[in-house]
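Here is a report on the contacts and charge pairs of one protein model. Please look over the structure before reading on.

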Amino acid sequence: MVAGSAVARERRRAAAVFLAPLLGALALVALWPLARTIWFSFTDARLDDLEPASFVGFENYAFLVTDPDWWRAVSNTVVFTVASVAIETVLGIVIALVLNVRMRGRGLMRAAMLIPWAIPTVVSAQLWAWMLHDQLGVINAGLLSLGIIGAPIAWTAEPGLVLGAIIAVDVWKATPFMALLVLAALQMLPGELYEAAEVDGLGPVGAFWRITLPLIWPALLVAILFRSLDALRVFDLIYVLAGSGRATASMSVYAREQLVDFQDVGMGSAASTLLFLTIAVLAAALLTLGRVSLAGDEEAG
Amino acid sequence: MRRRSRAALGRALFGLLVAALVLYTVFPFAWAILSSIKPGDQLGGPLLPSSVTFDNYAAVFREAPFARNILNSVIVSGAVVALSLILALPAAYALGRVRFRGRGFLLAGILSVSMFPQVAVLSGLFELIRTLGLYNTLAGLVLATMILTLPFTVWVMTGFLRAMPRELEEAAMLDGATPFVVLTRVYLPLLMPALATTGVLAFMIAWNEFLFALTFTLTDEQRTVPVAIALISGASRFELPWGRIMAASVIVTLPLVALVLVLQRRIVAGLMAGALKG
């Protein structure tokens, strides 16, 4: 198709018309609310009456950087993100390698992997809260009967344990998805490479480190970054398993508590804006890495 | 001989590993089903109940407007999916098949919306919803949830449209078809399976949404299922009715699990196309 021809012009005009409703909707539900949130972060707005808010400059931010609860929320979020994504990556690779072996029941196992992913996060949190119940939970019962622990453990009440329990639930829910992504990358690897590796005397472990990992690395990196962005905004899991308790609050939980429970829209918006900026910086890095695939769209049309 | 027995040992260990992984992924849900049909006095007791009861299921519907909550979730998720697909399909045609300047930039912008943390739009959306008079209504939830499904559906549908054969479009254009006719008459019939897959995934995103539903509704009657399940409470904070919570969890999850298992191949393909959004 010749660019600039009448047909191409008509197509571009149609494209603009086709895009307009979507862009309008995104402006309404995404850009405008985001802009208002950023504006609110510089005011003393209250939830019961948003109107008479006055501009207070960086006062909310100045409070946040001196609030130990906020720094607690930041550190909880970082610990949660780093730990859960690291475990999910390693476990996901292991599961993908297992799924990649030709064996009976492989389809069944892949189906089983999809179950945690299909369960709503709130439900996952409740399933695990029940299994981790200190008196009636099956996990304490199992550990007690095996003699591993001497007394029931309050997994979701003991301050030192709750974050670990939250990470464990996230790992359960998100690992299968990671495994399926890694599996997709594994299945694109050419088999000849491994025949060559066998000739060269690389064992299975050597073949993994020298051939598999470098080849799936780009796909793995994208998956890790997407999962990290997702983990940084964690809310549902922590809210349901541990409430808005200060010991386990993530940045999202802290922001919503300020906003709704304390009615302090200015402070909640400032916290939300800081979380947004954190994620935006990481997303920019992600999009730079993914530019190769975005630039590749020029061949269609 | 020794070599053969070593291979058998390896196979047995591998089988054990597979069994452990399947147990790990399936057990929590299986345990929820078992707990939901146990008589109350056996909850902390043996693995398998000595008798089966459906009291918990009856109680879920008796003691909370749970049927109403399910209906709310169906209405909100259904409306969100329909609106998202209607808005996303023409946009995906423009992004996937028409060459224009700034296309890559637009795609990146739309994708970046899917990375917004939900709290970042919470106060702005709250203001918008209250201004429009939609606080504590299902319409308000539909509006808010679109921010989660729109970028995803556009992204996935753009991928599907880009993969469509170009010859069909060129033949139709030679016959004088406008882009609208090309989209609705040529591509739409071919895109039905893709629309179904994308719709199912978007439905799950909307069905699972918690933060907006928690913040923008006030009364039990307007709540969706995730909020209802999170807020089920018993006589006291320390006496949660676990049998009932498990029954409610099973009710809302069983259809999803069944759907995912039936459509698993398509869903995995759709997720891959959707640039990893989980």
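## Interface between chains B and A

Between chain B and chain A, 17 residue pairs are in polar contact, both residues at pLDDT 80 or more. A polar contact is a pair of N or O atoms within 3.5 Å; within protein, one must be able to donate a hydrogen and the other to accept it, and residues adjacent in sequence count only if both atoms are side-chain atoms. On the side of chain B that touches chain A, helix α1 (residues 2-36) of chain B gives the most, with 14 residues. Helices are DSSP runs (H or I, at least four residues), numbered from the N terminus. By class, this side of chain B has 72 nonpolar, 15 polar and 10 charged residues. Ala, Val, Leu, Ile, Met, Phe, Trp, Tyr, Cys and Pro count as nonpolar, Asp, Glu, Lys and Arg as charged, and the others, Gly among them, as polar.

In total, 97 residues of chain B are in contact with 95 residues of chain A (contact means heavy atoms within 4.5 Å). The buried area between the two chains is about 8,600 Å², and carbon and sulfur atoms give 76% of that area. Buried area is the accessible area (1.4 Å probe) that two parts lose on being put together, summed over both. The rule finds 2 salt bridges across the interface of chain B and chain A. A salt bridge is a side-chain nitrogen of Lys or Arg within 4 Å of a carboxyl oxygen of Asp or Glu. The side chains of A:R11 and B:E169 form a salt bridge, at 2.9 Å from N to O.

## Basis of the model

This is a predicted model, in which local features need pLDDT of at least 70 and side-chain atom pairs count only at pLDDT 80 or more, while totals for chains, interfaces and linings use all residues. Residues are numbered from 1 along each chain as its sequence is written, chains are lettered from A and ligands numbered from 1 in the order in which they are written, and side-chain values use heavy atoms, with hydrogens and water left out.

## A glutamate facing chain A

B:E127 lies in helix α5 (residues 122-131) of chain B. Is B:E127 buried or exposed? B:E127 counts as buried because its relative accessibility is 10%. Buried means under 20% relative accessible area, exposed over 50%, partly exposed in between (1.4 Å probe, protein chains only). Not counting residues up to four places away in sequence, B:E127 touches A:R36, A:F40, A:L50 and A:E51.

Contact involves 8 residues of domain 1 and 10 residues of domain 2.

The area buried between domain 1 and domain 2 of chain B is about 650 Å², with 75% from carbon and sulfur atoms. B:F29, B:A32 and B:S36 supply 64% of the area that domain 1 buries against domain 2, more than any other three residues. The side of domain 1 that touches domain 2 has 5 nonpolar, 2 polar and 1 charged residues.

## A charge network in chain A

Over all chains, the structure holds 11 salt bridges. Side chains of opposite charge can pair when their charged atoms come close. A:E88, A:D170, A:R227, A:D230 and A:R233 are linked in a network of salt bridges.

A:R227 meets A:E88 at 3.0 Å, N to O. That pair joins helix α9 (residues 204-232) and helix α3 (residues 68-99) of chain A, 139 residues apart. Both A:R227 and A:E88 are buried. A:R227 also forms a salt bridge with A:D170, the closest N and O atoms being 3.0 Å apart. Here helix α9 of chain A is linked to helix α7 (residues 159-186) of chain A, 57 residues apart. A:R227 has a relative accessible area of 10%, and A:D170 one of 12%, so A:D170 counts as buried. A:D230 and A:R233 pair at 2.9 Å, N to O. A:D230 is partly exposed at 28%, whereas A:R233 is buried at 16%.

## A buried serine by the network

A:S84 sits in helix α3 of chain A. A:S84 counts as buried because its relative accessible area is 0%. The side chain of A:S84 reaches the backbone oxygen of A:F80 at 2.6 Å. Leaving aside neighbours within four places in sequence, A:S84 is in contact with A:V79, A:I167, A:D170, A:V171 and A:A231.

Definitions and conventions: Helix = DSSP H or I, 4+ residues; strand = E, 2+ residues; numbered from the N terminus.
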